[in-house]
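Please work through the following exercises with the sequence and the structure at hand. Each task is followed by a solution in steps.

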Amino acid sequence: MDKKLRILVSNDDGYFAKGINSLVGVLSEFGKVDVFAPHKGRSGQGCAITSEVPVKVEPLADDLNAPVRIYTCTGTPCDCVKAAFDSIIGKYDLVVGGINHGDNSAVNAHYSGTMGVVMEGCMKGIPSIAFSLCSHDANADFTPTFDVIRKIVAKVLEKGLPKGSCLNVNFPDSPSYAGVKVCRQAMGRWVNEWEMKDDPRGSDGKWLFLTGEFVLDETDPDADRVALNDNYVAITPISIDMTDYRLLEEMKQWGL
């Protein structure tokens, strides 16, 4: 362990989740780990921030000499990263999100609070990696991911990441893998996203329950969701620059 290396870990499942606690165990082999995570599950928050109400922060283990310092707050995953950098802890060499209980490939990366963690870290200029397992089981087995996580973290610490880029890593729910693939984000969409029911209190209004089915629109083996279906670990480089450069060049000829 490099005692000078500082690693910030957060998630969207809450500080108590098995995934984040499993991840801390692996990352502690590399350096000093600080956990700053939501006090409850905040899945689907993306890069949301809390702007209209105060965020309460609670230190659970803040001894500077402790192997791991732990903080939790009532805000979003993105709030946690902002608080860790700006008001609570300080500077970091690496930001890591996860291990998420659930798939964050394809369009799910846009909704993911786990990705919100690493997008915020990336916007702060820090190498950032998200790890997710394709299982929502609260007691999922994360041990098959550990060796791959070690290799990815070691490589990122060695080579760094380009400014404005982070990594989205997804693991199949499997005891072993066919391999590791560097992939692009798959094209897919959610359908039948709401289930409508009568208000159980008898009012004229309806209740909507988020549900849905994911439809994969391609079979390219280099797309992340396809690779996962083929039992590969999928690593997708993500950019915080959302500019569509191909369309940008075309639009220059529109004569607007």
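Predicted model: local features only at pLDDT ≥ 70, side-chain atom pairs only at ≥ 80, totals over all residues.

**Exercise 1. Describe the surroundings of H101 and F142.**

Step 1. H101 is found in strand β5, whereas F142 lies in the loop between β6 (128–133) and α5 (146–159).
Step 2. H101 counts as buried because its relative accessibility is 8%; buried means under 20% relative accessible area, exposed over 50% and partly exposed in between, with a 1.4 Å probe and protein chains only. F142 is buried as well, with a relative accessible area of 1%.
Step 3. Contact means heavy atoms within 4.5 Å. Leaving aside neighbours within four places in sequence, H101 is in contact with residues including D13, K18, G19, D137 and F142. With residues up to four places away not counted, F142 touches K18, G19, S22, I99, N100, H101 and L133.
Step 4. The side chain of H101 reaches the backbone oxygen of D137 at 2.9 Å.

**Exercise 2. State how far helix α1 is covered, and by which elements.**

Step 1. Helix α1 (residues 18–27) has ten residues, of which seven are buried.
Step 2. The buried residues are G19, I20, S22, L23, V24, V26 and L27.
Step 3. Their cover includes β1 (2–10), β2 (31–38), β4 (68–73), β5, β6 and α5.

**Exercise 3. Explain why strand β7 is described as largely enclosed, and identify a bridge partner in it.**

Step 1. Six of the seven residues of β7 (residues 165–171) are buried, so the rest of the structure largely encloses this strand.
Step 2. β6 and β7 pair in the parallel sense over five bridges; two strands pair if DSSP finds at least two bridges between them.
Step 3. The bridge partner of A130 in β7 is N168.

**Exercise 4. Are A106 and N192 buried or exposed?**

Step 1. A106 has its place in the loop between β5 and α3, and N192 lies in the loop between β9 (188–191) and β10 (194–198).
Step 2. A106 counts as buried because its relative accessibility is 0%. N192 is exposed, with a relative accessible area of 53%.
Step 3. Phi of A106 is near 55°, a positive value in a residue other than glycine. N192, which is not a glycine, has a positive phi of about 50°.

Key: Residues numbered from 1 in each chain as written. Heavy atoms only, no water. Helix = DSSP H or I, 4+ residues; strand = E, 2+ residues; numbered from the N terminus. Polar contact = N/O pair within 3.5 Å; in protein donor to acceptor, adjacent residues only side chain to side chain.
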